[in-house]
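Could you look over this model with me? I've jotted down some points to go through while you have the picture open.

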Amino acid sequence: PLVTGGLTSQDFDLSQSWTYFFGSHSSRRVSATSALGGQHAVIPLISDTTYSAASTGFAAASAPNREAIKAHGILMVLAWVAASSVGMFLARHMKKAWVSKPYWFLFHRGIMVSVWIVTLVAFILIFVDVGGYTEVAKTHAALGIIVVVLAFVQPFMALLRCGPTEDKRVIFNWAHRLVGATAQILAVATIYLGLAGYEDLNFDINGSAKDVWITWVAISGTIWVSFEIYNIIFKPEVPSTPSKDIAMKEKGAVGDDDDQKPPPAQPISDQNGRIFIFALYVLVSVVHAITLCVFIGIADNDGE
């Protein structure tokens, strides 16, 4: 009998041909239970064809495409660290920076559409490469699927939104915010799990990658919280008369009920301050995203 699936045993006819998994354990993650047949900490090599135990010679085996795994990580970092966070910042904090034209909406829509496309490409890439759902990085995979689902439904929610003056618009506004915020938070956590998971794939990734992630979360989080406090303390009154200058020509508009109402003109110092903080936020997000992408791209596969 052979030990399979934990500590249970099962008889196999070794005269038949089987697909072989060549598993190993990371010395940092091995335990008494896993060493006796539990789930491998490192994705195993898989024989390219079937063999019987009586076969002689060499068995060819392969692992998931390492370059595809790197590309998946890079695309997700670009989508959620560099792009999505900036797009959400625009919608939340930059409406008052452009009081005459809704540039925030145009940029927000373009960026988030890009996030939608890149996320789907990255998801399909890794899903095809590993052949479906994997149990090896199950927490990362499960959270990643949730993020993809939430990201996927966002543009369709926007297409079905009601007009900005309708009573039910507030329902869309909160649903749009909650789905977007949930996707962003889960995506950030999933990326961290992904960085840690490269060790499970025998990648020798720079240990500073996690520090870069932590630094970005700390800085961007501080900027977000500071802006929220500022908006609460210095919240301007919203005029009750819509402006024809910035009315959307399409059905409704993505954002708050005052999407078609220009915020009251802010002091020039406030406008410049918002634009400066936004530029700083973009710089922080892009620099950290590029750094993470470089770490992922140059990671050596010490399993090859």
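1. **Ground rules.** This is a predicted model, so to speak of local features we need pLDDT of at least 70, and side-chain atom pairs count only at pLDDT 80 or more, while totals for chains, interfaces and linings use all residues. Residues are numbered from 1 along each chain as its sequence is written, and side-chain values use heavy atoms, with hydrogens and water left out.

2. **Confidence.** The protein's mean pLDDT (the predictor's confidence in each residue, from 0 to 100) is 75, and 62% of the residues reach 70 or more. Where pLDDT is low, the predicted coordinates should not be read in detail.

3. **Helix α3.** Helices here are DSSP runs (H or I, at least four residues), numbered from the N terminus. Helix α3 covers residues 103-130, and its 28 residues reach 41 Å from first C-alpha to last. That is close to the expected 40 Å, where the expected span is 1.5 Å times one less than the number of residues.

4. **What α3 hides.** Which residues of α3 are buried? They are W104, F105, H108, V115, T119, L120, A122 and I126; buried means under 20% relative accessible area, exposed over 50%, and partly exposed in between (1.4 Å probe, protein chains only). Their cover includes α2 (66-93), α4 (138-159) and α5 (169-197).

5. **The cores.** A nonpolar core is a set of buried Ala, Val, Leu, Ile, Met, Phe, Trp, Tyr and Cys residues joined through side-chain atoms within 4.5 Å. The largest one has 35 residues, and V77, W80, I191, L195 and I205 have the most contacts inside it. Helices α2, α3, α4, α5, α6 and α7 (268-298) each give this core at least two residues, with α2 supplying the largest share, eight. Apart from this core there is another, of eleven residues, including F105, I223, F227 and Y281. As for L195, leaving aside neighbours within four places in sequence, the residues in contact with it are I205, A209, W213, L292 and I296.

6. **Aromatic pairs.** Rings of Phe, Tyr and Trp (its six-membered ring) pair if their centres lie within 6.5 Å; planes under 30 degrees apart count as stacked, over 60 as edge-to-face and the rest as tilted. That gives eleven aromatic pairs. F89 and F278 are stacked, because their ring centres are 6.0 Å apart and their planes are at 25°. F89 is in helix α2 and F278 in helix α7, so this pair ties together parts 189 residues apart in sequence. Both F89 and F278 are buried. W116 and F152 are stacked too, with centres 5.7 Å apart and planes at 25°. W116 is partly exposed at 24% relative accessibility, and F152 is partly exposed at 37%.

7. N231, in helix α6 (residues 208-233), is buried at 16% relative accessible area. A search for disulfides (pairs of cysteine sulfur atoms within 2.5 Å) finds zero in the whole structure.

Notes: Contact means heavy atoms within 4.5 Å.
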